[in-house]
Amino acid sequence: MLAILALLAVLAARVDAAPYVPLSDPPPDSDSEPDSIPDSDPDPDPVPEAVPVLVPVSASALARVPGPPITAVLAAAYRAAGLDHDPTPSWRYRARLAGLVPTVSLRDGRDATWSDVADPTIGYISVFAVSASWRLDRLVFDPNELRISAIGAARRRERRRLAEAVIRTYFSWQRAVALADARAAEAAADLDAITDGWFSEAIGKHAETR
């Protein structure tokens, strides 16, 4: 028992005599190189893309630009594209009204007759048959109405797409004219193509009246 106590006293004395070194911070090694060298020249920030600067134009300056109003340009574009009126209501009406038109069929042939009075004879006669039928259920609903509705929806989408193009091009032209920009001729050519030449004629008429 005394020997064990003496051994423990010796071990405790050795622990107290040893210097303290933190476990989380190992001693520096002068011969070793650092794992990574900080980059003294970091990558520069990416250069942002150039954003076009729009020169402000007052509403009064745009109003002084000679030319037809946007409503007239839209109407001309609709006429040129064949979208100025909607024919689908009349198509739907005529599809239902077609139920009153009969389907006529014609059949012809020959029939034999027999007579045994006095002198037996066999005769032949021509037979014609005419029949007519009506589809009155089409007065309530006609299957072609589904196709007509699909065509009407497609025409409305096309009108919206055309209106967006015309409005965007028209105001680009008006702005370019107010700023004396060379792109005004390009926008006017686009509007002339959309309206089938109407836009150039309208500009000429406005120039004559001023």
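**Reading the labels in a predicted model**

Biologist: Why is D142 called buried?

Modeller: The relative accessibility of D142 is 1%. Buried means under 20% relative accessible area, exposed over 50%, and partly exposed in between, with a 1.4 Å probe and protein chains only. The model is predicted: local features need pLDDT of at least 70, side-chain atom pairs count only at pLDDT 80 or more, and totals for chains, interfaces and linings use all residues. Residues are numbered from 1 along each chain as its sequence is written, and side-chain values use heavy atoms, leaving out hydrogens and water.

Biologist: What makes R138 and D142 a salt bridge?

Modeller: The closest N and O atoms of R138 and D142 are 2.5 Å apart. A salt bridge needs a side-chain nitrogen of Lys or Arg within 4 Å of a carboxyl oxygen of Asp or Glu, so this pair qualifies. R138 itself is partly exposed, at 21%. The whole structure holds five salt bridges.

Biologist: What separates E158 and R161 in the chain?

Modeller: Both lie in helix α5, three residues apart, about one turn of the helix. Helices (H or I, at least four residues) and strands (E, at least two) are DSSP runs, numbered from the N terminus. The side chains of E158 and R161 meet in a salt bridge of 2.5 Å, N to O.

Biologist: Why is the pair of Y170 and W173 called tilted?

Modeller: Rings of Phe, Tyr and Trp (its six-membered ring) pair if their centres lie within 6.5 Å; planes under 30 degrees apart count as stacked, over 60 as edge-to-face and the rest as tilted. For Y170 and W173 the centres are 5.8 Å apart and the planes stand at 40°, so the pair is tilted.

Biologist: What makes W173 and F199 edge-to-face?

Modeller: Their centres are 5.1 Å apart and their planes at 85°, so the angle falls in the edge-to-face range. The pair links distant parts of the chain, with W173 in helix α5 and F199 in helix α7 (residues 198-209), 26 residues apart. F199 has a relative accessible area of 0%, so F199 is buried.

Biologist: How do you know that the charged end of R159 sits over the ring of Y78?

Modeller: That end is 3.9 Å from the ring centre. The rule asks for NZ of Lys or CZ of Arg within 6 Å of the ring centre and within 35 degrees of the ring normal.

Biologist: Which residues are in contact with E145, leaving aside neighbours within four places in sequence?

Modeller: They are R92, R96 and V140; contact means heavy atoms within 4.5 Å. E145 is buried, with a relative accessible area of 6%.
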